[in-house]
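Here are a few notes for a first look at this structure. Please read them with the model open beside you.

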Amino acid sequence: MSAIGYLKVKATTSRARLPLEDAAISVVGENGKLLALRLTDSSGNTGPIKVEVPNRANSQTPDTGKPPFVAVDIYGRAELYTQILVQGVQIFPDTTTVQELNMIPLSEMPGAWNETEIYDTPAQDL
């Protein structure tokens, strides 16, 4: 039996930390399965995104061999900003994970229009 965890994404400009409206957010699970597509609102936020995660019991017993979370990748795209990929964002049961995407304006990196900034989130040692 599985449980539900939640993910919220906040997109902002990298230096001024101003919210980015209409940033396209893609959430991808294991094996490249698309879990959600969202656009950020005027505050730079997505609404809560439901993600199926392992049951909380996986974290109650040591050495189950199963992680108590699901790791997802988040892609962020906005006009005039570099693309961002945050890998390995961990979603836990009955919890809301908030991931910030600090988007870099292309004016700061003019040659990066077709590149993606990649950030890796290492797994927690639970």
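1. In what order do the five strands of the open sheet run? The order is 3-2-5-6-8, and the pairing is mixed. Keep in mind that this is a predicted model.

2. Look next at the edges. Strand 3 (34-39) and strand 8 (116-120) stand there, each with a single partner strand, so one side of each has no neighbour in the sheet. On average, neighbouring strands of this sheet are turned by 20 degrees against each other, direction ignored.

3. Strand 6 (residues 83-91) and strand 8 run parallel and are joined by five bridges. Ile84 has Glu117 in strand 8 as its bridge partner.

4. The largest nonpolar core has 23 residues. Leu7, Val72, Ile74 and Leu101 have the most contacts inside it. Two or more residues each come from strand 1 (2-13), strand 2 (24-28), strand 4 (49-54), strand 5 (70-77), strand 6 and strand 7 (96-103). In soluble globular proteins, nonpolar side chains tend to be buried together.

5. Leaving out residues up to four places away in sequence, Ile74 touches Leu7, Val9, Ile25, Ser26, Ile84, Leu85, Val86, Val89, Gln99 and Leu101.

6. Finally, a loop residue. Thr46 lies between strand 3 and strand 4. Is Thr46 buried or exposed? Its relative accessible area is 3%, and buried means under 20%, so Thr46 is buried. Beyond its neighbours within four places in sequence, Thr46 is in contact with Leu7, Lys8, Val9, Ile25, Arg38 and Thr40.

Key: Residues numbered from 1 in each chain as written. Predicted model: local features only at pLDDT ≥ 70, side-chain atom pairs only at ≥ 80, totals over all residues. Heavy atoms only, no water. Pairing = 2+ DSSP bridges. Helix = DSSP H or I, 4+ residues; strand = E, 2+ residues; numbered from the N terminus. Axes fitted to C-alpha atoms, helices over the stretch in contact; angles between N-to-C directions. Core = buried A, V, L, I, M, F, W, Y, C linked by side-chain atoms within 4.5 Å. Buried < 20%, exposed > 50% of the residue type's maximum accessible area, 1.4 Å probe, protein only. Contact = heavy atoms within 4.5 Å.
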